[in-house]
Amino acid sequence: MTKVKDIGEQGLLERLQRFCPPEIIGDDAAVLVTAPEQSLVVTTDMLVDGVHFSYITTSPEDAGWRAAAANLSDLAAMGASPLGITVGLGLPGDLSVSWVESLYQGMTECLQQYDTPIVGGDVVRSPITTVSITAFGQVHPHKIIRRSAAKVGNAIIVTGVHGASHAGLKLLLNPELGQNLTPVEKTVLIKAHQRPQPRLDVLPLIWQILEYPFPIAGMDSSDGLADAVLQICRASGVGAILESEQIPLPTAFTHWLTPEQALEYALYGGEDFELVLCLPPALAKTLIQMLDNSAAIIGTITSHSQVILKHQDEKIPDRVLSLSQGFQHFSQ
């Protein structure tokens, strides 16, 4: 097995260059051309072995896919179309070269869906495997989706289902769980964790129904659904009421988790990489129809400062959601 230290930095870079367009790489920096009247959107995401992925649960191909998807999801959350990514690697010398090449293969498989190239990067020695990706996108200045644009009375839309990625991770870490799940249901949940799909497909539909000035706010739900709603509300100076029964959950949850567990997975599990959008109610309903009902209205933006979770069962008390309930780096 060939190790990184056996071929050195230049040898590894030579192997990785085949994943990049030859007309872009080769200089000190990549040159990306944006369309006229477009703004450049830049986002960086870092993944660290043992924090964001594990050799136990994640193949190098899946780690690469997830790394690319996380950055593309950030672009989608801003309304931007991807132009390219750069990849920074921190690698132990004893890591196999085939692992690194498989990582790039996973990234490429995700990126090819959106015609997005790897346009450069850097490689350094590190005691811990670390992947840092910077993604570049473009968007017309009038079409930028910001967290700070939510208005009182807006409907809150979520795409897809929530909690699936967290459930998939649980199944990977604890294979004995989910005895009531079918093999297909297990596969769907595990795939949601290993191969999430950034929701760039939603953007063309949004621009079909909106006119300038675009009445939309949003972000992605990579850090959890509750986190996304709270971040939007904080940035916009508003609050929200969420209806717990309206939050879309994987069908597999109905005969595996209790309602309370399913709700926690959806609110705070994270890494679903769906979009959370705030729109006028009529436009929200139109968008849901265009998405073939693979999205749902889960609540309303309000004038008070809190995000409150309500239940149809009046015996269950209202719950005030907070950022401290989700995953936080450096909290332990």
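This is a short tour of a predicted model, moving from one selection to the next.

**Colour by confidence**

Start by colouring the chain by pLDDT. The protein averages 93, and 98% of the residues score at least 70. Now select residues 328-332, where the pLDDT is below 50; beyond near neighbours in sequence, this stretch has 3 contacts in the model.

**Helix H1, residues 4-16**

Next, select H1 and look along its length. What separates the end C-alpha atoms of this helix from a straight-helix span? They are only 12 Å apart although H1 has 13 residues, short of the 18 Å that a straight helix would reach at 1.5 Å a residue. Centre the view on Gln-10 and you will find a kink of about 75° in H1. Then show the side chains of Val-4, Gly-11, Leu-12 and Leu-16, which are buried in this helix.

**Helix H2, residues 60-77**

Now move on to H2. Its 18 residues should span 26 Å at 1.5 Å a residue, and the end C-alpha atoms are 26 Å apart, so the two values agree. H2 is mostly covered, with 16 of its 18 residues buried. Step just past the helix to Gly-79, which takes a positive phi of about 85°.

**Two helix pairs**

Two packed helices are described by the angle between their axes and the distance between the axes. Keep both in mind at the next two stops.

Select H4 (residues 164-173) together with H5 (residues 183-194): their axes come within 7 Å and cross at roughly 105°. H4 is therefore roughly perpendicular to H5. On the H4 side, the residues making the contact include Ala-164, Gly-168 and Leu-172; on the H5 side, Leu-189, Ile-190 and His-193 are among them.

Stay in H4 and zoom in on Leu-171. Is this residue buried or exposed? Leu-171 has 5% relative accessibility, so it counts as buried. Leaving aside neighbours within four places in sequence, show the residues it contacts: Leu-177, Gly-178, Leu-181, Lys-186, Leu-189, Ile-190 and Trp-256. For a sense of scale, draw a distance from the C-alpha atom of Leu-171 to that of Lys-5: the two residues are 166 apart along the chain and their C-alpha atoms are separated by 35 Å.

For the second pair, select H7 (residues 225-236) and H8 (residues 259-268), whose axes come within 4 Å and cross at roughly 50°. Show Leu-225, Ala-226 and Asp-227 of H7, and you will see them meet Ala-266, Leu-267 and Tyr-268 of H8.

**Backbone details in the loops**

Most residues other than glycine have a negative phi, and most peptide bonds are trans. The last stops depart from those patterns.

Go to the loop between helix H6 (203-209) and strand S6 (217-220), where Pro-213 is found. The peptide bond from Tyr-212 to Pro-213 is cis, with omega near 0°.

Then select Glu-37, in the loop between H1 and strand S1 (39-48). Its phi is near 60°, a positive value in a residue other than glycine. With 65% relative accessibility, Glu-37 counts as exposed.

Finish at Asp-292, in the loop between helix H9 (281-290) and strand S9 (295-302). Here phi is near 55°, again positive in a residue other than glycine. Asp-292 counts as exposed, at 67% relative accessibility.

Note on methods
Residues are numbered from 1 along each chain as its sequence is written. This is a predicted model: local features need pLDDT of at least 70, side-chain atom pairs count only at pLDDT 80 or more; totals for chains, interfaces and linings use all residues. Side-chain values use heavy atoms; hydrogens and water are left out. pLDDT is the predictor's confidence in each residue, from 0 to 100. Contact means heavy atoms within 4.5 Å. Helices (H or I, at least four residues) and strands (E, at least two) are DSSP runs, numbered from the N terminus. The expected span of a helix is 1.5 Å times one less than its number of residues. The bend at a residue is the angle between axes fitted to the seven residues ending there and the seven starting there. Buried means under 20% relative accessible area, exposed over 50%, partly exposed in between (1.4 Å probe, protein chains only). Axes are lines fitted to C-alpha atoms, for helices over the stretch in contact, and angles run from 0 to 180 degrees between N-to-C directions. Angles under 35 degrees count as roughly parallel, over 145 as roughly antiparallel, 65 to 115 as roughly perpendicular and the rest as oblique.
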